[in-house]
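Work through the exercises below with the sequence and the structure at hand. Each task is followed by a solution in steps.

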Amino acid sequence: MKPGVRALGIAESYSGERERSTLAGAVVRADGVVDGFAYESCVVGGTDATDAVASLVDALGRPDVRFVLLGAIAPAWYNVLDLSAVHDRAERPVIAVTFEESNGLEDGLRDAFSGDDLERRLETYRALPDRRPTSVDGETVYVRQVGCDPERAEAVVGAFTLAGGRPEPIRVARLAARAGDRYLESG
């Protein structure tokens, strides 16, 4: 991948003291150069994370960003993302990368929610593409993608991972989200 190709990484930080969770978006080139930031928030335990992620893409207004990399599929305590809706709004491939092996979220969703709240989240969760284990820089990550085939998603994740198993756009977005959280807590 050419060094100037850009991806938008989106990650979350939640301090546990507010009703909203901080989402940060970081535009990062494949060579690791950081090229832009944006912030948004979503309700902890809500259902607005998909709209918040799409708002980050819109707020940046960056047609040069070729990929959206997400560091979670259920930020802000089960605020489950609809990857197809993000793809439709972003008009570019969306790749969710998670970092731990898991049996899935259904048990956790059932423990935390009931009725319509549970059904809405289960419907969104079950519509997600399957996750695939992928080896990146000697570490296993789990990838879901919409808007590109699995091989392309794996290549993108590998190209944007400069060290360790975390793609640089997601790593930088996570740092920015944490900094944003600390700022909000201090004010």
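Helices (H or I, at least four residues) and strands (E, at least two) are DSSP runs, numbered from the N terminus. The model is predicted, with local features needing pLDDT of at least 70 and side-chain atom pairs counting only at pLDDT 80 or more, while totals for chains, interfaces and linings use all residues. Residues are numbered from 1 along each chain as its sequence is written, and side-chain values use heavy atoms, with hydrogens and water left out.

**Exercise 1. Give the order of the secondary structure elements of the protein.**

Step 1: count the elements; there are 7 helices and 7 strands.
Step 2: read from the N terminus, which gives β-β-β-α-β-α-α-β-α-α-β-β-α-α.

**Exercise 2. Compare the radius of gyration of the protein with that of a compact globule.**

Step 1: the radius is taken over C-alpha atoms, and the globule rule is 2.2 Å times the number of residues to the power 0.38.
Step 2: for 187 residues the rule gives a value near 16 Å; the protein has 16 Å, so the two agree.
Step 3: along the principal axes, the C-alpha atoms fill a box of roughly 50 × 40 × 30 Å.
Step 4: turn to contacts (heavy atoms within 4.5 Å). Among those between residues at least 6 apart in sequence, 65% join residues at least 24 apart.

**Exercise 3. Describe the nonpolar cores and the residues that touch the most other members.**

Step 1: buried means under 20% relative accessible area, exposed over 50%, and partly exposed in between (1.4 Å probe, protein chains only). Of the 187 residues, 47% count as buried.
Step 2: a nonpolar core is a set of buried Ala, Val, Leu, Ile, Met, Phe, Trp, Tyr and Cys residues joined through side-chain atoms within 4.5 Å.
Step 3: the largest core has 34 residues, of which Leu 70, Leu 83 and Leu 109 touch the most other members. Helix α1 (residues 49–60) supplies the largest share of this core, 6 residues.
Step 4: a second, separate core has 16 residues, among them Ala 7, Phe 67, Leu 69 and Val 141.
Step 5: list the contacts of Leu 83 beyond four places in sequence: Leu 70, Val 94, Ala 96, Leu 128, Pro 129, Arg 144 and Val 146.

**Exercise 4. Is Leu 60 buried or exposed, and which residues does Leu 60 touch?**

Step 1: Leu 60 belongs to helix α1.
Step 2: its relative accessible area is 15%, so Leu 60 is buried.
Step 3: not counting residues up to four places away in sequence, Leu 60 touches Leu 8, Val 27, Phe 37 and Ala 38.

**Exercise 5. State where Glu 168 lies and what surrounds Glu 168 by contact.**

Step 1: Glu 168 is in helix α7 (residues 168–186).
Step 2: with a relative accessible area of 11%, Glu 168 is buried.
Step 3: leaving aside neighbours within four places in sequence, Glu 168 is in contact with Val 28, Phe 160, Thr 161 and Leu 162.
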